[in-house]
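Have the sequence and the 3D view open, and follow along.

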Amino acid sequence: MSSPFVPVSFHPSATAHDREVPLVLDSPHSGTFYPADFRTVVPMAALRMAEDTHIEKLYARAPGLGATLIAAEFPRSYIDPNRSLLDIDPALLDKPWPGPVNASKKTEKGVGLIWRKLDSGEDLYDRKLGVAEVQARIGTCYAPYHKALRDALNAAHKHYGAVWHLDCHSMSALSGLAAEEGPGIARADFVLGDRDGTTCAPEFTAFVATTLRGFGYDVRINDPYKGVELVRAYSDPEGNRHSLQIEVNRKLYMNEATREPNGNFAKLQDDLTRLVEAVADYVRQHLPGHDHHRDCGHDHGHHHGHEHGHKHEHGHDHGHGHEHDHGHGHGHGHKHDHKH
């Protein structure tokens, strides 16, 4: 008898309380468990090109530095947690979607909530998807992921009065067909996205950029990635909720064709550990009443924050629907995993 499919892995701080920080990292695109009901026509080797493979491993030491780490177990090509629930592709369905639809430019390129095409242009399906099939993916994967992230961010904010969120991704060395900048463009080592200064304090973005540049990396900001749903939905800088997307170039840590770690993996992992350590120190220095925090017992006295859900926005490209909190689904599939 198979074990129930658990769509999200959750790794809380592994430190003593006085070393914990309100810092949450999430990896929404590194999942390698492919559910049997995916029924795609794309070969697995091509399908895996959509993964941010190994990102959760690169940041695996974050809990030992006082942070929380959350990662998706399902692949983004099955359902993408970094999209709005409104970002439905009507061309992919066998009948009209029963709820509101606000297809974004991502969906127009075939990479909306449910992907229709790979970045290479290959069609994922030779069939239409049923409405119930898409709803099931939302219930078993998307909703539990967002609930885990939302709960972690809310708990940290309630306790400390502030929270910092790093949304962790990787990017191909060269842009693909679906890229905003067009295909074949070489990417920087890192791209930081704060949606043009709207999802976190500008000084936080600058701090992360300066730290990475100090390690010798080429860093760009909002070029070409500004951040999508996860940093948009959970950020509120004026309310001390700071979200920043971090994209790392896959050439720095793996062979993109085989998905295997390359010889630089350990160095990049060490550098990202140093980055998280630096960010954790930054967070401690920027906590509300941080002088008190250094002398605290357990209660920080910052229980004034309200619970934060998805922000609802109904513009063309960034709208969002309502969250549904479902239990874990059950299913069979296969997992591609490479230990280091």
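Between which strand and which helix does the loop with Pro 224 lie? Pro 224 sits in the loop that runs between strand S7 (219-221) and H6.

Asp 223 and Pro 224 are joined by a cis peptide bond, with omega at about 5°. Asn 222 is in the loop between S7 and H6 as well. Asn 222 isn't a glycine, yet its phi is positive, at about 60°. Is Asn 222 buried or exposed? With a relative accessibility of 13%, Asn 222 counts as buried, because the cut-off for buried is under 20%.

Arg 195 shows a positive phi too, of about 50°, and is not a glycine. You'll find Arg 195 in the loop between S6 and H5. Its relative accessible area is 13%, so Arg 195 is buried.

## The whole chain

Now zoom out. This is a predicted model, and the protein chain averages a pLDDT of 88, with 84% of the residues scoring at least 70.

The protein chain has eight helices and nine strands. Of its 340 residues, 57% are buried. Take the contacts with a separation of 6 or more: 80% of them link residues 24 or more positions apart.

In soluble globular proteins, nonpolar side chains tend to be buried together. Here, the largest nonpolar core has 43 residues, and the ones touching the most other members are Ile 70, Ile 79, Leu 113, Ile 114, Leu 118, Val 134 and Ile 138. Several elements supply at least two residues each, among them strand S3 (33-35), strand S4 (68-72) and helix H4 (131-160). Which element gives the most to this core? That's H4, with 11 residues.

Leaving out residues up to four places away in sequence, Ile 114 touches Tyr 78, Ile 79, Leu 92, Tyr 125, Leu 129, Val 134 and Arg 137. There is also a second, separate core of 41 residues, which includes Val 21, Leu 166, Leu 275 and Ala 280.

## Two helices that cross

Two packed helices are described by the angle between their axes and the distance between the axes. For helix H5 (residues 202-214) and helix H7 (residues 265-285), the axes come within 10 Å and cross at roughly 145°. The crossing of H5 and H7 is right-handed.

Who makes the contact? From H5 come Glu 203, Phe 204, Phe 207, Val 208, Thr 211 and Leu 212, and from H7 come Leu 275, Ala 278, Val 279 and Tyr 282. Sorted by class, the contact of H5 with H7 has eight nonpolar residues, one polar and one charged.

## One serine in a loop

Last stop: Ser 172, in the loop between strand S5 (163-171) and strand S6 (190-193). Why does Ser 172 count as buried? Its relative accessible area is 16%, and the cut-off is under 20%, so Ser 172 is buried.

What does Ser 172 touch? Setting aside neighbours within four places in sequence, Ser 172 is in contact with Arg 187, Asn 249, Arg 250 and Glu 256. Ser 172 and Val 248 are 76 residues apart along the chain, and their C-alpha atoms are separated by 8.7 Å.

Methods:
Residues are numbered from 1 along each chain as its sequence is written. Side-chain values use heavy atoms; hydrogens and water are left out. Axes are lines fitted to C-alpha atoms, for helices over the stretch in contact, and angles run from 0 to 180 degrees between N-to-C directions. Helices (H or I, at least four residues) and strands (E, at least two) are DSSP runs, numbered from the N terminus. A crossing is left-handed if the near helix is turned anticlockwise from the far one by less than a right angle, and right-handed if clockwise. Contact means heavy atoms within 4.5 Å. Ala, Val, Leu, Ile, Met, Phe, Trp, Tyr, Cys and Pro count as nonpolar, Asp, Glu, Lys and Arg as charged, and the others, Gly among them, as polar. A nonpolar core is a set of buried Ala, Val, Leu, Ile, Met, Phe, Trp, Tyr and Cys residues joined through side-chain atoms within 4.5 Å. Buried means under 20% relative accessible area, exposed over 50%, partly exposed in between (1.4 Å probe, protein chains only). pLDDT is the predictor's confidence in each residue, from 0 to 100.
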